[in-house]
Amino acid sequence: MVCNALKVFMPKHEQHFFNFPQPVMCYLKSFQKARPDQLVGEKTPGYLNLTRRQIARVRKLLPDVRLIVVLRKPVPRSWSQAHGNLRG
């Protein structure tokens with residue numbers, strides 16, 4: 001997914017890299033289509049529930065990272081998740 005107006009590249013799917021141990025190269029492959037003039041980012045709601053150990057890994061691998069958290073209204077979000085779970 002490319003947000004041209006902001007010059008940001010984001011992989012289409014959630015990465016979950018910091019939720020589950022994986023080689024760093026697997027994570028970096030997600031951003032290989034980004035152009036040199038683009039910022040890169042990703043979206044993984046599961047990062048809101050990271051353990052202290054996982055947070056330490058984020059700090060170690062991405063010391064200058066900037067995090068953006070978007071919170072939705074809980075009831076519509078829950079219905080959206082339930083609908084998604086029913087679809088498979």
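Is Phe31 buried or exposed? I looked this up and found a relative accessibility of 13%, so Phe31 counts as buried. My cut-offs: buried is under 20% relative accessible area, exposed is over 50%, and partly exposed lies in between, with a 1.4 Å probe and protein chains only.

**Ground rules.** I am working on a predicted model, where local features need pLDDT of at least 70, side-chain atom pairs count only at pLDDT 80 or more, and totals for chains, interfaces and linings use all residues. Residues are numbered from 1 along each chain as its sequence is written, and side-chain values use heavy atoms, with hydrogens and water left out.

**Aromatic rings.** I paired rings of Phe, Tyr and Trp (its six-membered ring) when their centres lie within 6.5 Å; planes under 30 degrees apart are stacked, over 60 edge-to-face, and the rest tilted. I got five aromatic pairs by this rule. One of them joins Phe18 and Tyr47, edge-to-face, with 5.7 Å centre to centre and 70° between the planes. This pair links distant parts of the chain, 29 residues apart. Phe18 sits in the loop between E2 and H1, and Tyr47 in the loop between strand E3 (39-40) and helix H2 (52-61). I took helices (H or I, at least four residues) and strands (E, at least two) as DSSP runs, numbered from the N terminus.

I then checked cover. Phe18 is buried at 4% relative accessible area. Tyr47 is partly exposed at 21%. Next I looked at Tyr27 and Phe31: their ring centres are 5.1 Å apart and their planes at 80°, so I logged the pair as edge-to-face. Tyr27 is buried too, at 9% relative accessibility. Phe17, Phe18, Tyr27, Phe31 and Tyr47 form one aromatic cluster.

**His16.** Which residue has a positive phi although it is not a glycine? I found His16, with a phi of about 55°. Most residues other than glycine have a negative phi. His16 lies in the loop between strand E2 (8-9) and helix H1 (24-29). Its relative accessible area is 26%, so His16 is partly exposed.

**Nonpolar patch.** I noted a nonpolar surface patch of about 340 Å², made by Val24, Met25, Leu28 and Leu61. Patch residues have over 30% relative accessible area and no salt bridge, and nonpolar side chains (Val, Leu, Ile, Met, Phe, Trp, Tyr) are joined within 5 Å. A salt bridge here is a side-chain nitrogen of Lys or Arg within 4 Å of a carboxyl oxygen of Asp or Glu. H1 gives the largest share of the patch, three residues. Leu61 is in helix H2. I have Leu61 as partly exposed, at 34%.

Notes:
Patch = residues over 30% accessible without salt bridge, like charges linked within 9 Å, V, L, I, M, F, W, Y side chains within 5 Å. Areas by Shrake-Rupley, 256 points an atom, 1.4 Å probe, with all protein chains shown as cover.
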